[in-house]
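Here is a short briefing for a first look at this structure.

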Amino acid sequence: MNINEKIQNYQPTSDSIELVRKARIVLLAGIAGAGKDTIKRQWLEDGSFRDIVSHTTRQPRINNGIAEVDGQAYHFIDNDEAGEMIDQRDFIEVKLVHSGAIYGTSVAEVRAGYDDDKTLITDVDVQGVDEFKELSSRVIAIFILPPSYSTWRKRLASRYQSEAEFAAEWPKRRDSAIDELNRALTVPYYHFVINDDLEVAVRATAKIANGDDEFNRKDDEARLAARDILEELKASS
């Protein structure tokens with residue numbers, strides 16, 4: 001069985017599933033540029049939270065002139081190490097992305113946070129959220145939204161060195177955002193939070209993370225805003 005087949009057929013151990021069910025885990029999803037990374041960094045200044053640092057076989061990147069650090073951005077491993085971890089069932093979840101890189105959440109990362117009595121947080125895509133939710137309904141899922149389609153597009157464009165570079169990447173970013181929103185809106189378990197004011201968004205998401213996963217009117221209003229952004233995305237070119 002090759003590594004692709006192993007990933008497709010991967011199942012965590014029963015002990016790993018039980019760990020996920022016992023731990024307090026909050027997953028931050030959202031379209032690229034919505035602000036989930038910034039919100040997570042704000043949370044981590046609070047000693048009650050711990051980041052789940054994922055493993056990946058991709059190479060470290062340089063973001064805004066700063067190189068990613070092993071053990072902080074990700075645990076960078078090679079394909080052989082990933083294969084060994086898969087064989088030993090050391091992951092909670094593992095996937096192969098379109099770029100050919102392997103990404104996974106290790107049992108050791110979740111265990112360390114649980115043993116320290118921390119609320120575990122990580123930013124993942126909607127596929128990762130689905131996989132965690134299949135293991136435990138107690139996992140809290142929050143989808144971060146920009147305040148509007150136009151604001152999001154401006155934020156996203158500001159990440160690129162030139163308009164031409166942004167234009168080349170835009171179709172992929174647009175399609176990815178449509179897919180993420182479509183999938184998030186088809187399930188009932190996301191809290192949607194609009195990141196218009198960062199401080200307000202941090203407080204709102206922290207309240208959800210520290211609460212009992214109850215839904216309220218603000219969730220409904222944000223879900224409607226998510227549908228509006230999705231429709232604008234579909235109509236854009």
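Glu68 sits in the loop between strand S5 (66–67) and strand S6 (75–76). The model is predicted: local features need pLDDT of at least 70, side-chain atom pairs count only at pLDDT 80 or more, and totals for chains, interfaces and linings use all residues. Residues are numbered from 1 along each chain as its sequence is written, and side-chain values use heavy atoms, leaving out hydrogens and water.

**Glu68**
- Glu68 is buried, with a relative accessible area of 16% (buried means under 20%, exposed over 50%, with a 1.4 Å probe and protein chains only).
- Its side chain makes a polar contact of 2.8 Å with the side chain of Arg58 (a pair of N or O atoms within 3.5 Å, one able to donate a hydrogen and the other to accept it).
- The Glu68 side chain also reaches the backbone nitrogen of Arg61 at 2.8 Å.

**The sheet**
- Five strands form an open sheet in the order S2-S9-S1-S10-S11, with parallel pairing (two strands pair if DSSP finds at least two bridges between them).
- Strand S2 (49–51) and strand S11 (190–194) are the edges, each pairing on one side only.
- The twist averages 30° from one strand to the next.
- S1 and strand S9 (residues 119–123) pair over four bridges.
- Leu27 stands opposite Thr122 in S9.

**Helix H2**
- Ser16, Ile17, Leu19 and Val20 are buried in helix H2 (residues 14–22).
- They lie on the same side of H2, because they cover an arc of only 155° around the axis.
- Ser14 and Asp15, on the other side of H2, are exposed.

Note on methods:
Helix = DSSP H or I, 4+ residues; strand = E, 2+ residues; numbered from the N terminus. Arc of directions from axis to C-beta. Axes fitted to C-alpha atoms, helices over the stretch in contact; angles between N-to-C directions.
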